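Please read the following alongside the sequence and the coordinates. The paragraphs go from strands to helices and then to a single residue.

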Amino acid sequence: MVSLLRKKLVLRLSIIDLISYIAKINLHTSLIRCEAEVVNGREIAKSIISETKKELKEWIERGHKKPALSVIRCGTNERDYTKSIVKSCKDIGINVHGVELPKDISEIELLTEIRKMNNDLEIDAIMLELPFPSNVRERIMCNAVAPHKDVNGYNIINVGRLLQQKSTILPCMPAAIKEIISRIGVPTAGKTIVVCGRSQKIGLPIAILACLEDKGEVVGMNATIIVCHDTTPKEQLAQLVKQADILISACGTPGLIEPTMLKEGACVIDVGSVVLEDEKTQKYKLIGDINFE
């Protein structure tokens with residue numbers, strides 16, 4: 001049986017790097033002061049890295065092997081946070097190796113690779129780099145990963161266990177969002193959390209996690225939830241967002257949320273990242289849903 005601690009260590013790596021990745025566009029408005037305060041996600045990540053190093057050292061000293069993560073990538077384009085995960089794994093001491101597959105790979109060939117890793121006792125966790133090429137059906141591949149190795153948390157069994165508040169592997173981005181909110185000390189019980197976005201990877205899982213009770217095998221945020229999205233009429237969207245004690249925006253629509261929509265003292269987590277080219281500098285930059293300026 002794969003150790004729960006080994007799975008937790010690998011999942012934590014994804015949380016660390018996602019926090020660093022989305023730190024570029026996170027905004028937290030203090031509940032006490034009127035001025036906006038930007039959350040230092042990198043400092044949060046450093047703290048988790050330090051804790052993970054200590055936990056891993058103690059784990060190995062008790063005679064266990066290092067956790068091992070395998071990253072499956074189709075094509076040559078590697079996303080920034082995937083590179084960061086690989087780097088952090090090496091820094092902390094978690095074994096990681098990437099499997100480079102051709103962009104024109106068939107579904108059968110990709111399924112064969114996934115099944116090999118499912119059966120490899122040396123591999124504790126499998127990470128699929130998404131999105132896949134257009135000829136590959138994402139849901140089939142996500143469900144092919146063994147649930148106990150599914151570090152993405154996308155397997156239908158893990159999704160179902162989350163709904164029932166049973167022990168499972170959470171999708172990395174929702175887990176990172178919950179971790180940020182917890183570590184900056186923003187209370188969630190009884191608060192109104194507005195989730196702007198309904199994707200199966202971020203919006204829906206964080207909405208579920210936010211409304212679950214703060215007790216049980218999966219500790220939820222015990223909040224009241226409102227879900228809207230980029231096709232919610234603008235006037236209605238403004239009314240809904242105004243109710244948020246905590247706003248989590250994950251639509252990928254730059255400028256969707258204007259500062260005038262926010263309630264004073266709201267905590268805002270912006271993960272709606274889109275890469276755009278700056279017309280003046282001709283450099284690419286990460287843009288969120290919130291009109292930050």
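Two strands pair if DSSP finds at least two bridges between them. Helices (H or I, at least four residues) and strands (E, at least two) are DSSP runs, numbered from the N terminus. This is a predicted model, in which local features need pLDDT of at least 70 and side-chain atom pairs count only at pLDDT 80 or more, while totals for chains, interfaces and linings use all residues. Residues are numbered from 1 along each chain as its sequence is written, and side-chain values use heavy atoms, with hydrogens and water left out.

Strand E3 (residues 68-74) and E4 run parallel and are joined by seven bridges. Cys-74 has Leu-101 as its bridge partner in E4. These strands belong to an open sheet of three strands, ordered E4-E3-E5 with parallel pairing. Strand E4 (95-101) and strand E5 (125-128) stand at the edges with a single partner strand each, so one side of each has no neighbour in the sheet. From one strand to the next, the twist averages 20 degrees. Helix H4 (residues 107-119) packs on this sheet and touches E3, E4 and E5, where contact means heavy atoms within 4.5 Å. The direction of H4 makes about 180 degrees with that of E3; axes are lines fitted to C-alpha atoms, for helices over the stretch in contact, and angles run from 0 to 180 degrees between N-to-C directions.

Asp-270 in E9 is the bridge partner of Ser-249. Along strand E9 (residues 267-270), Cys-267 and Ile-269 point one way and Val-268 and Asp-270 the other, and all are buried (under 20% relative accessible area, with exposed over 50% and partly exposed in between, using a 1.4 Å probe and protein chains only).

How do helices H7 and H8 pack, and at what angle? Helix H7 (residues 172-183) and helix H8 (residues 203-211) have axes 8 Å apart, at an angle of about 45 degrees. That angle makes H7 oblique to H8, since angles under 35 degrees count as roughly parallel, over 145 as roughly antiparallel, 65 to 115 as roughly perpendicular and the rest as oblique. H7 contributes Pro-174, Ile-177 and Lys-178 to the contact, and H8 contributes Pro-205, Ile-206 and Leu-209.

Ile-206 is also among the residues touched by Val-195, including Gly-203, Ile-226 and Ile-248, when residues up to four places away in sequence are not counted. Val-195 lies in strand E6 (residues 192-196) and counts as buried because its relative accessibility is 0%.
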